[in-house]
Amino acid sequence: MVGGVKNLWIIANFKSNKTIQEALEWVDIVGPRLERRSNVKVVVCPLILDVEEVKKAVLVGNYPLVVGSQDLSPFDTGSFTGEEPARLLKEVIDFTILGHSERRQNFGETDQMIANKVKEAKENSITALVCVQGMDTPIPPGADLIAYEPIFAIGTGQADTPQNANQVADKIKSQYDQTLPVLYGGSVTAHNAKAFLVQANLSGLLIGKASLDPDEFLNIVRLSHAA
Ligand code: PGA
């Protein structure tokens with residue numbers, strides 16, 4: 001909190017959606033409508049394919065929009081076919097989502113791999129958001145932000161209750177660090193966003209499906225101004 005105003009993060013996770021053209025259309029709608037606010041950071045995490053063009057559009061438009069990736073390599077540069085190392089990604093991104101449950105479930109990501117990814121991000125000055133599924137998920141050293149994302153709520157239309165998300169955030173902060181920002185993610189929409197944003201221990205939202213629609217995403221960003 002700065003002067004009684006809560007610092008908030010509103011993060012769009014496009015997952016495996018949007019062509020370069022579609023991502024640029026999103027930026028063209030969202031970018032000019034974002035208000036510059038010192039306490040609200042708005043982040044977009046497109047496909048790696050889209051990230052460079054999105055970054056260029058953000059720079060040309062001078063929009064208050066941080067560009068991030070949805071993952072990065074646990075290794076440095078070298079012989080790691082198919083991997084995107086932080087040392088090279090940092091030319092384009094300032095932020096990354098790490099340890100999303102879809103990566104843990106579908107790609108066998110382990111806590112150790114996620115810890116290595118956080119280390120790579122930190123060594124390259126990339127802000128690292130680590131997703132946890134509950135209190136049992138370990139938080140690696142160096143994580144800048146946490147997103148509490150219960151599996152039952154991801155892409156199901158069944159969000160957790162704001163009160164429970166607030167309690168989990170409280171426990172995470174007590175266990176690790178009171179200053180660690182904890183966000184909520186899982187079936188966030190413009191209809192339920194405000195109820196999460198006003199919770200004392202929550203510092204923002206990680207949004208999948210609802211972030212794909214630029215108007216719905218903008219509505220959620222506007223709700224953060226009143227939280
Ligand atoms: P959802 O995804 O908003 O579509 O539920 C959230 C996430 O997985 O980050």
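What follows is a short tour of this model, which is a predicted one.

**Stop 1: a lysine in a helix**

Select K55, which sits in helix α2 (residues 48–61). Is K55 buried or exposed? Its relative accessibility is 16%, so K55 counts as buried, the cut-off being under 20%. Now show the side chain of D94: the side chain of K55 makes a polar contact with it, at 3.5 Å. If you skip the neighbours within four places in sequence, K55 is in contact with V67, V92 and D94.

**Stop 2: helix α8**

Next, select residues 214–225, which make up helix α8. With twelve residues at 1.5 Å a residue, α8 should span 16 Å, and its end C-alpha atoms are 17 Å apart, which agrees. Colour P214, F217, L218, I220, V221 and S224, the buried residues here. They cover an arc of only 160 degrees around the axis, so they lie on the same side of α8. What do the buried residues of α8 pack against? Show β1 (8–13), α1 (20–30), β2 (40–45), α7 (193–197) and β8 (204–207) to see their partners. Then zoom in on the start of α8, where a side-chain oxygen of D213 comes to within 2.9 Å of the backbone nitrogen of D215.

**Stop 3: two cysteines**

A disulfide is a covalent bond between the sulfur atoms of two cysteines. How many disulfides does the structure hold? There are zero. Select C45 and C131 to check: C45 is in no disulfide, and the nearest cysteine sulfur, that of C131, is 9.7 Å away. That is too far for a bond. C45 counts as buried because its relative accessibility is 0%, and C131, also at 0%, counts as buried too.

**Stop 4: salt bridges**

The structure holds twelve salt bridges. Start with K15 and E102, whose side chains meet at 2.9 Å, N to O. This pair links distant parts of the chain: K15 is in the loop between β1 and α1, while E102 is in helix α4 (residues 101–107), 87 residues apart. E102 counts as partly exposed, at 27% relative accessibility.

Now pick K117 and E109, a salt bridge with its closest N and O atoms 2.4 Å apart. Both of these residues are buried.

Last, select D144 and K122, where the closest N and O atoms of the salt bridge are 2.6 Å apart. D144 lies in the loop between β5 (127–132) and β6 (145–148), and K122 in helix α5 (residues 111–123). To finish, highlight D71, R103, E109 and K117 together: salt bridges that share partners join them into one network.

Note on methods
Residues numbered from 1 in each chain as written. Predicted model: local features only at pLDDT ≥ 70, side-chain atom pairs only at ≥ 80, totals over all residues. Heavy atoms only, no water. Helix = DSSP H or I, 4+ residues; strand = E, 2+ residues; numbered from the N terminus. Buried < 20%, exposed > 50% of the residue type's maximum accessible area, 1.4 Å probe, protein only. Polar contact = N/O pair within 3.5 Å; in protein donor to acceptor, adjacent residues only side chain to side chain. Contact = heavy atoms within 4.5 Å. Expected span 1.5 Å × (residues − 1). Arc of directions from axis to C-beta. Disulfide = S-S within 2.5 Å. Salt bridge = Lys/Arg side-chain N within 4 Å of Asp/Glu carboxyl O.
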